[in-house]
Every structure is written in C-alpha cells, then in structure tokens.
Amino acid sequence: MRVLELGPQVYVSGQLYEHDVRLAAKQGVRSIMNNRPDGEAPGQPLNADLQKVAEELGMTYVFVPIIPNALTREDVETFAKTCDELDRPLLIFCRSGARSTRVWEMAEDL
C-alpha cells in the first residue's frame, strides 16, 4: 500500500484490501473514507466487507463514492463535509489515489 500525505494527518492511497485496513489500524489510523464505487473492476473488495473489518478494529469507516469523469460540486461538498467530521489520522482511498487527491484539492478551494 503506497500512502501519500494530503494534509496534516490526512493520507491517500489506492485500493485497500482487508490486510491494508488491519495495517492502517496498527499504524493508528482512526478513520477511513472509501471514494470508490463497488463494481468498478473485477476482484475489487466490496465496500461492506472493508467497512466490517474497519469497524471491528474500532475505526470509523465512511463510503463517499465518486464516479470518475462525473464529479459534481455536490460530490466535492459532501467529501469536504465528511472529511471535516472524521477523526484523524484519516486515510482516504480510491482505485489509484488520484481521484481522491483531485477531490481533496477541489474541496480545499471551496
């Protein structure tokens, strides 16, 4: 799992798997946000499965799906509001991390 820092205690990565969620918990991550809709690619873990693992480990997990190439202002506003409400450290993910990074940057301009 490759992780980049977006801001103070806010990180982004590509697709997480159950073992990544467990590793994030061991590293002190308190919240995870998934920006990837279910069913984008074969073999992609289901949101509900990742959420179950995260919550079993005591983390907050939220699903804010963002459809590539169909990003709306409402998506950005929802993303920003959700980020503001989550405990840090926060790990945000999508397929590669690029979509989440882009939305983060747009949310910073609101």
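Author: Helices (H or I, at least four residues) and strands (E, at least two) are DSSP runs, numbered from the N terminus. By that naming, Asp-49 lies in helix α2. The model is a predicted one, in which local features need pLDDT of at least 70 and side-chain atom pairs count only at pLDDT 80 or more, while totals for chains, interfaces and linings use all residues. Residues are numbered from 1 along each chain as its sequence is written, and side-chain values use heavy atoms, with hydrogens and water left out.

Reader: Why is Asp-49 called partly exposed?

Author: Buried means under 20% relative accessible area, exposed means over 50%, and partly exposed lies in between (1.4 Å probe, protein chains only). Asp-49 has 38% relative accessibility, and therefore counts as partly exposed.

Reader: Which residues gather with Asp-49 in a patch of negative charge?

Author: Patches are made of residues with over 30% relative accessible area and no salt bridge, like charges being joined within 9 Å and nonpolar side chains (Val, Leu, Ile, Met, Phe, Trp, Tyr) within 5 Å. Accessible areas come from the Shrake-Rupley method with a 1.4 Å probe, and for residues only the protein chains shown count as cover. Lys and Arg count as positive and Asp and Glu as negative, whereas His and the chain ends are not counted; the place of a charge is taken as NZ of Lys, CZ of Arg, CG of Asp or CD of Glu. On this basis Glu-18, Asp-38, Asp-49, Glu-55 and Glu-56 form the negative surface patch, to which helix α2 (residues 47-56) gives the most, with three residues.

Reader: What makes the contact between Asp-87 and Arg-30 a salt bridge?

Author: A salt bridge is a side-chain nitrogen of Lys or Arg within 4 Å of a carboxyl oxygen of Asp or Glu. The closest N and O atoms of Asp-87 and Arg-30 are 3.4 Å apart, and the pair is accordingly a salt bridge.

Reader: Why are Lys-81 and Glu-85 separated by about one helical turn?

Author: Lys-81 and Glu-85 are four residues apart in helix α3, and therefore about one helical turn separates them. Their side chains meet in a salt bridge (2.6 Å, N to O), and both residues are exposed.

Reader: What makes β3 and β4 a pair of strands?

Author: Two strands pair if DSSP finds at least two bridges between them. Strand β3 and strand β4 (residues 60-63) are joined over four bridges, in the parallel sense, with Asn-34 standing opposite Phe-63 in β4.
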